[in-house]
Amino acid sequence: MSRRVAILISGGGSNMAALVDSMTGDHPARPVLVASNVPGAGGLAKAEARGVPTAALDHRAYPDRAAFEAALSDVLSRAGPDLICLAGFMRILTPGFVDAWAGRLLNIHPSLLPKYPGLDTHARALAAGDAEAGCTVHEVTADLDAGPILGQGRVPVRPGDTPERLAARVLEMEHRLYPAVLRRVAAGDRTPLWL
Ligand code: GRF
């Protein structure tokens with residue numbers, strides 16, 4: 001029986017597309033939903049083009065974070081996911097939501113955690129003079145960008161790199177790492193993967 005995967009996005013959804021495109025053949029999982037907190041997110045069109053059911057819940061239409069998360073949990077519950085992949089999802093989730101979906105939430109973050117949790121990761125790596133950068137897939141816990149690491153991918157920092165150029169190099173690695181980690185986790189293996 002395939003594991004059921006929901007994917008949460010806020011923007012272009014390139015990581016979502018990489019995940020969906022990887023779930024074919026003998027892959028132990030299949031996508032069942034792509035949901036966005038931004039109604040016009042470009043990733044929704046990518047998901048629809050791939051035949052994946054979508055949902056858009058504008059977080060600004062809810063009186064507070066808890067109300068938005070209750071609506072999101074309702075949409076998720078109807079899809080019945082075994083795993084939920086946050087992929088460019090830019091909302092901080094409350095401990096209540098994380099507890100409700102404990103053990104099933106994965107996220108990709110564009111840094112080599114525990115370095116640079118939060119935003120502007122590439123600019124911070126460049127400012128620090130790091131020789132390498134990368135991305136991390138981790139389990140989502142109540143602490144932002146701090147859950148158990150499921151995989152990391154490293155890329156070199158090159159002379160003259162700007163945050164944009166480094167982000168593009170890291171994004172290519174994200175599109176390799178996240179599908180590889182999802183396949184392992186869907187097969188029941190949570191040992192970390194290093195690329
Ligand atoms: C990526 O850098 C991802 O690491 C971050 O959001 C960016 C855009 O992701 N969380 P996507 O193209 O929307 O998947």
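## Ground rules

Contact here means heavy atoms within 4.5 Å. Helices (H or I, at least four residues) and strands (E, at least two) are DSSP runs, numbered from the N terminus.

This is a predicted model, where local features need pLDDT of at least 70 and side-chain atom pairs count only at pLDDT 80 or more, while totals for chains, interfaces and linings use all residues. Residues are numbered from 1 along each chain as its sequence is written, and side-chain values use heavy atoms, with hydrogens and water left out.

The protein splits into domain 1 (1-102) and domain 2 (108-195), with bounds that come from an automatic or database domain assignment. Taken over C-alpha atoms, the two centres are 20 Å apart. At the contact between them, 20 residues of domain 1 meet 17 residues of domain 2.

Now for the cores. A nonpolar core is a set of buried Ala, Val, Leu, Ile, Met, Phe, Trp, Tyr and Cys residues joined through side-chain atoms within 4.5 Å; buried means under 20% relative accessible area, exposed over 50%, and partly exposed in between (1.4 Å probe, protein chains only). The largest one has 34 residues, and Val5, Ile7, Val34, Val137 and Tyr178 touch the most other members. Helix α6 (residues 163-186) supplies the largest share, nine residues. Both domain 1 (1-102) and domain 2 (108-195) give residues to this core, so it lies between them. There's also a second, separate core of 22 residues, with Val75, Leu76, Phe89 and Trp101 among them.

Leaving out residues up to four places away in sequence, Tyr178 touches Asn15, Leu19, Cys85, Leu86, Ala87, Leu106, Asn107, Ile108 and Val137.

## Helix α1, tucked in

How many of the nine residues of α1 are buried? Seven are, so α1 is largely enclosed by the rest of the structure. The buried ones are Asn15, Met16, Ala17, Ala18, Leu19, Val20 and Ser22. Their cover includes β1, β2, α2 (42-49), β4, β5 (105-109) and α6.

Ser22 belongs to this helix, which runs over residues 14-22. A polar atom of the Ser22 side chain lies 2.7 Å from the backbone oxygen of Leu19. Polar contacts, here and below, are pairs of N or O atoms within 3.5 Å; within protein, one must be able to donate a hydrogen and the other to accept it, and residues adjacent in sequence count only if both atoms are side-chain atoms. Beyond four places in sequence, Ser22 touches His27 and Pro179.

## Helix α3, end to end

The expected span of a helix is 1.5 Å times one less than its number of residues. For the 15 residues of α3 (residues 65-79) that gives 21 Å, and the end C-alpha atoms are 21 Å apart, which agrees. Just past the helix, Gly80 takes a positive phi of about 60 degrees.

## Around the ligand

Which residues are around the ligand? They are Gly12, Gly13, Ser14, Asn15, Gly88, Ile108, Pro110, Leu171 and Glu174, each with a heavy atom within 4 Å of it.

Ligand oxygen atoms take part in several polar pairs. One is 3.0 Å from a polar backbone atom of Gly13, and a backbone N or O atom of Asn15 lies 2.8 Å from a ligand oxygen. Glu174 uses a polar side-chain atom, 2.8 Å from an oxygen atom of the ligand.

Most residues other than glycine have a negative phi, and most peptide bonds are trans. Against that background, the peptide bond joining Leu113 and Pro114 is cis, with omega about 10 degrees. Pro114 is in the loop between β5 and α5 (121-127).

Tyr116, in the loop between β5 and α5, has a positive phi of about 60 degrees although it is not a glycine. Asp120 has a positive phi too, about 55 degrees, and lies in the loop between β5 and α5. Are these two buried or exposed? Tyr116 counts as buried at 15% relative accessibility, whereas Asp120 counts as exposed at 59%.

## Asp161

Asp161 lies in the loop between β7 (149-156) and α6, and counts as buried at 11% relative accessibility. Its side chain joins that of Arg169 in a polar contact of 2.7 Å.
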